[in-house]
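Dear colleague,

Please find the structure below, together with the sequence.

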There are 2 protein chains.
Amino acid sequence: MDSVIILGLAAGALTTGSTIPQILKILKTKSAGDISTLFFLFMGCGMLLWLIYGILRSDIIIILWNPLSLSLCLIILGLKRVYP
Amino acid sequence: MDSVIILGLAAGALTTGSTIPQILKILKTKSAGDISTLFFLFMGCGMLLWLIYGILRSDIIIILWNPLSLSLCLIILGLKRVYP
């Protein structure tokens, strides 16, 4: 596998996976008061545009990670509603 | 300007700019307890790899936004130390 692809996979794994500790922290503490809703709203919209950008650029790495990141982003927005 | 470039600029502006409301919220409330340090640590490392990926792919959009995002990420990590 091409080293650039491996690098992109690692980059995406980190930025996408980074949301998981935040989700786990909210579930553990049952508190999301300090988290900005706007942060995750803008982030989610940005990820949607990155997905379209990746499709137009035929960049499989960008296409692969952004739907996952967007889903995790939506989970946090949901948790923010539950634990305002 | 090419529409794909404009899309990439918009995507990056959203994902990079999304950190600003979070920074402002921490400064306003002087509280970052609900924010996961691991979230921003992994995110920052991922952004560093995305920057290298963008350089290797010669993708100016990825090269442009990731240093900014990384800087904002580091600001939040700093604020997390000040307001644990």
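Is Lys30(A) buried or exposed? Lys30(A) is exposed, since its relative accessible area is 53% and the cut-off for that class is over 50%. Please note that this is a predicted model, and what follows should be read accordingly.

Lys30 in both chains

Lys30(A) sits in the loop that joins H2 to helix H3 (37-57) of chain A. Although Lys30(A) is not a glycine, its phi is positive, at about 55°. In chain B, Lys30(B) is placed in the loop between helix H2 (19-29) and helix H3 (37-57). Lys30(B), likewise not a glycine, has a positive phi of about 55°. With a relative accessible area of 52%, Lys30(B) is exposed.

Chain A as a whole

Chain A contains four helices and zero strands, and the order of its elements from the N terminus is α-α-α-α. The C-alpha trace of chain A spans about 40 × 20 × 15 Å along its principal axes. Chain A has 84 residues, of which 49% count as buried. Among the contacts in chain A with a separation of 6 or more, 71% are made by residues 24 or more positions apart. The accessible surface of chain A amounts to about 4100 Å², and 75% of that surface belongs to carbon and sulfur atoms.

One surface feature of chain A deserves a remark. Ile20(A), Leu24(A) and Leu27(A) form a nonpolar patch there, with about 270 Å² of accessible area together. Ile20(A) belongs to helix H2 (residues 19-29) of chain A. Ile20(A) counts as partly exposed because its relative accessible area is 42%, and the class lies between under 20% for buried and over 50% for exposed.

The relation of the two chains

The same surface serves both copies, and 100% of the contact residues of chain B recur in chain A.

The interface

In the interface, 38 residues of chain B are in contact with 39 residues of chain A. Between them, chain B and chain A bury about 3500 Å², and 73% of this area is on carbon and sulfur atoms. On the side of chain B, the residues that lose the most area to chain A are Asp34(B), Phe39(B) and Trp50(B), which together make up 20% of what that side buries.

Two salt bridges are found by the rule across the interface of chain B and chain A. The side chains of Asp59(B) and Arg57(A) meet in a salt bridge with an N to O distance of 3.7 Å.

A buried asparagine in chain B

Asn66(B) lies in helix H4 (residues 60-82) of chain B. Asn66(B) is classed as buried because its relative accessible area is 10%, where the cut-off is under 20%. Apart from neighbours within four places in sequence, Asn66(B) is in contact with Met47(B), Trp50(B) and Leu51(B).

With kind regards

Key
Residues numbered from 1 in each chain as written. Chains lettered and ligands numbered in written order. Predicted model: local features only at pLDDT ≥ 70, side-chain atom pairs only at ≥ 80, totals over all residues. Heavy atoms only, no water. Patch = residues over 30% accessible without salt bridge, like charges linked within 9 Å, V, L, I, M, F, W, Y side chains within 5 Å. Areas by Shrake-Rupley, 256 points an atom, 1.4 Å probe, with all protein chains shown as cover. Salt bridge = Lys/Arg side-chain N within 4 Å of Asp/Glu carboxyl O. Helix = DSSP H or I, 4+ residues; strand = E, 2+ residues; numbered from the N terminus. Buried < 20%, exposed > 50% of the residue type's maximum accessible area, 1.4 Å probe, protein only. Contact = heavy atoms within 4.5 Å. Buried area = accessible area lost by both parts, 1.4 Å probe.
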